[in-house]
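Here are some quick notes to read alongside the model. Have a look at it first, then go through the points below.

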Amino acid sequence: MIEVSPDIKFKKQLKRISNSSLNECMQCGTCSVVCSLAPDERPFPRKEMIWAGWGMKDKLIGNPDIWLCHQCGDCSTYCPRGVKPADVLSAVREISYQHYAKPKFLGKILNDPKWFPVAILIPVIIISAILIMAGTFQIPEGPVNYSKFFPHAWLNSSFSFLWFLTIGLGILGLRNFRNDMKKQDPDLKPTGSFIKNLFSIRKEIILHSNFSTCTAQKTRKIAHFLVFYGFILLLFVTTFAIYAAVTHNYPLEFKNPFKIIGNIAAIMLFVGLGIMIANRIFNKKDFGNSTYNDWLFLVSLFLLTVSGVIVEAARFINWGLAYHLYFFHLVCVWFVIIYLPYTKFGHLLFRVVAMVYAASINRKLK
Amino acid sequence: MKPVLVIGGGMSGVTTTVEIAEVGKDVILIEKNPYLGGNVVKFNNYFPKLCPPTCGLEINFRRIKQNSRIKYYTSTEIQEISGEKGNFKVKLKTAPQYVKNNCTACGKCLDVCPEERPDKFNYGFTKTKAIYLPHEMAFPYKFNIDDEYCKKESCNKCVEVCEYDAINLSAKEEIIDIEVSSVVVATGWKNYDASKIDNLNYSTSKNIITNVEFERFITSNGVGENKLLRPSDNSEPKKLAFVQCAGSRDENHLPYCSAVCCSASLKHALTIQELYPKSEIKIFYIDMRVTGRNEDFLIKVQDNKNIGLVKGKVGKITETESNNLILEAEDILSGKKMNYKAEMVVLATGIVPSDISINLNKDQNNFITDLQTDGIYPVACSRKPMDVSSSVKDATAAALKAIQIK
């Protein structure tokens, strides 16, 4: 016997975000078959669709399968009822960011457009406050030198602190997520350590092999590949920059290998994000329904990339608005990395944790 | 008093025709094929009694033959209609009648005809000569010539051998103008084009056939002649699968339920069991839609140990090197994906309304709606999917409406 206690509020939220008429699903199972990833045992997303129809939040939220889906959209393409399982799973992911958000209000303000002004005000106020504390809250005179506006020591220490804080909070949420997954199937005993299981899924992550199986949208893999590695390169370059700011002369020369890598990474991000945005705009049929959560992350990462490149160029041409743009760039940085666990960027954490859990219970994708 | 026009000589059209004529009104029946009987005459047996449909049709053909109030034109289609109830002016077009009505179907022409054509009656799985008898039970019982394949006067062999002077290779198409009081549209249905369901690979796999094709495969006068032979190698398959809702109840294809395919597949499964009691059959379905007392039939199938009913729609079929087929479905009741290997697969394709060249009000799925000019009555599968017995009732109802128009 299964006891069903429908969470009506959750169901309404799911319906609103996914734009799917959940209950029109007739449980035929076409989606589970056409999915190129769903395993033979307890395949998805057919079972998720009935849980969605019944508003079974616990079942859906603590379900690793939600994150094993790579949103290729084959299920929605072949669905005989047009209930868009891909969008429903995506909506559950979106709700997960809010559900596991610590503190809760950050999850709320980053997933609801009406709170957008608050989401902007937080970094604006805090960055201004840091500048005031550093005593540099004004546009400096002379050639453009960003450290006159935001001294490196202040910038690196404050942003590093906030970054570690947010990741710490994110990990608290992930612990709950992992516990919820364990509770779902008490019979399944996870084996192996986190690191060992993470190592076992290295191929999927490094090569993006799960993306390759998508038949409907071939450009998705290349786009994600570019953004993924572009971002990792930039993270690497930034780490070096923090180190260089302490030990070397900063900013780096234009010909410095790290600077070159940074610029290549920016191009990779720009192209990858460009493809993602273009696909969403021009190929709505295959890419499904894009929500605020999806756009917020995509656009902030895109603006981060573009503003970063312009900020760099502004230094060379001594542009008058360089500092204003630099401030804007820092707000974008905030949206991407400080807000990470609460925006779609959180998939980085949730997906890895879910994939590691799946590996620990030996749940293999096709 | 002007006659009633019945468009379509399938089960419903024939029924309407005889019902009208037998209450004393003149009827003109037109049929685009060279024979009457429509889809039903191609069937092996009826659901649920499993008796042959030619039996009932034969009685109806007799009623037609004996009734002087009925005029029928085969190979004929409607071209134009104008006017109003009580006074419709209709233009009919009859394809060239190369074989005259004095043909006795002696078959001498068959021996000399050098040309072959795919037999449409068997969906192209067999061949006939360019001059052919549409099928064993054809009514009218006479030969016909396929325009596309016959070389006409340049060959002329059939004309030379015919003892009855029944062949005229220079025949032309004919236009017939008639005036009628009312019109019954019994244009019926065709099955959904299975090649449009790309995930089921119908067009690339030889051993996947549709349910209407399957009727010809198990009929004694059909493709295999008392044997069920699969197309790739003419072997007798012992593991078969039926794919329900192949196109039906699917927004990407036919959004509606075709109403008859569940019963048809149950019927097919039992027919195979009768022919090959050791065969293994799986029927993959979303819901088994057999209603009322027909449920007894379902129970009979459920009790058969060799027939497995699997709740789960087939999402993919792949062909193996030996032309066997792997069907993939999620068995909803166990929540496991299932790969079933079959030697032959039957797609339960749904009902699509046949085309008609005149302008009538149709719904979004191309079925003819009941809202027409007064005096025009759509009937049976031209207006919604239904089985034979419902069609016959619908046909009788249409007859009652049509005879009231003076």
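This is a predicted model: local features need pLDDT of at least 70, side-chain atom pairs count only at pLDDT 80 or more; totals for chains, interfaces and linings use all residues.

1. Leu327(B) has Tyr340(B) as its bridge partner in strand 19 of chain B. Four residues sit between the strands of this hairpin, and Gly335(B) takes a positive phi near 70° there.

2. Strand 17 (residues 314–319) of chain B also pairs with strand 18 of chain B, in the antiparallel sense, over five bridges.

3. Why call strand 18 of chain B (residues 325–331) largely enclosed by the rest of the structure? Because five of its seven residues are buried.

4. On domains, chain B is divided into domain 1 (4–95 + 173–188 + 354–402), domain 2 (108–161) and domain 3 (191–351). The C-alpha centres of domain 1 and domain 2 of chain B are 26 Å apart. Nine residues from domain 1 of chain B and eight from domain 2 of chain B make the contact. The domain 1 side of chain B has five nonpolar, three polar and one charged residues.

5. Over in chain A, helix 11 (residues 152–184) has 33 residues and reaches 47 Å from first C-alpha to last, close to the 48 Å expected. Its buried residues, including Phe159(A), Gly170(A) and Met181(A), pack against helix 20 (347–360) of chain A.

Note on methods: Residues are numbered from 1 along each chain as its sequence is written. Chains are lettered from A and ligands numbered from 1 in the order in which they are written. Helices (H or I, at least four residues) and strands (E, at least two) are DSSP runs, numbered from the N terminus. The expected span of a helix is 1.5 Å times one less than its number of residues. A residue is buried if 20 or more other C-beta atoms lie within 10 Å of its own, exposed if 12 or fewer, and partly exposed in between; C-beta atoms are placed from the backbone. Two residues are in contact if their C-beta atoms, placed from the backbone, lie within 7 Å. Domain bounds come from an automatic or database domain assignment. Ala, Val, Leu, Ile, Met, Phe, Trp, Tyr, Cys and Pro count as nonpolar, Asp, Glu, Lys and Arg as charged, and the others, Gly among them, as polar. Two strands pair if DSSP finds at least two bridges between them.
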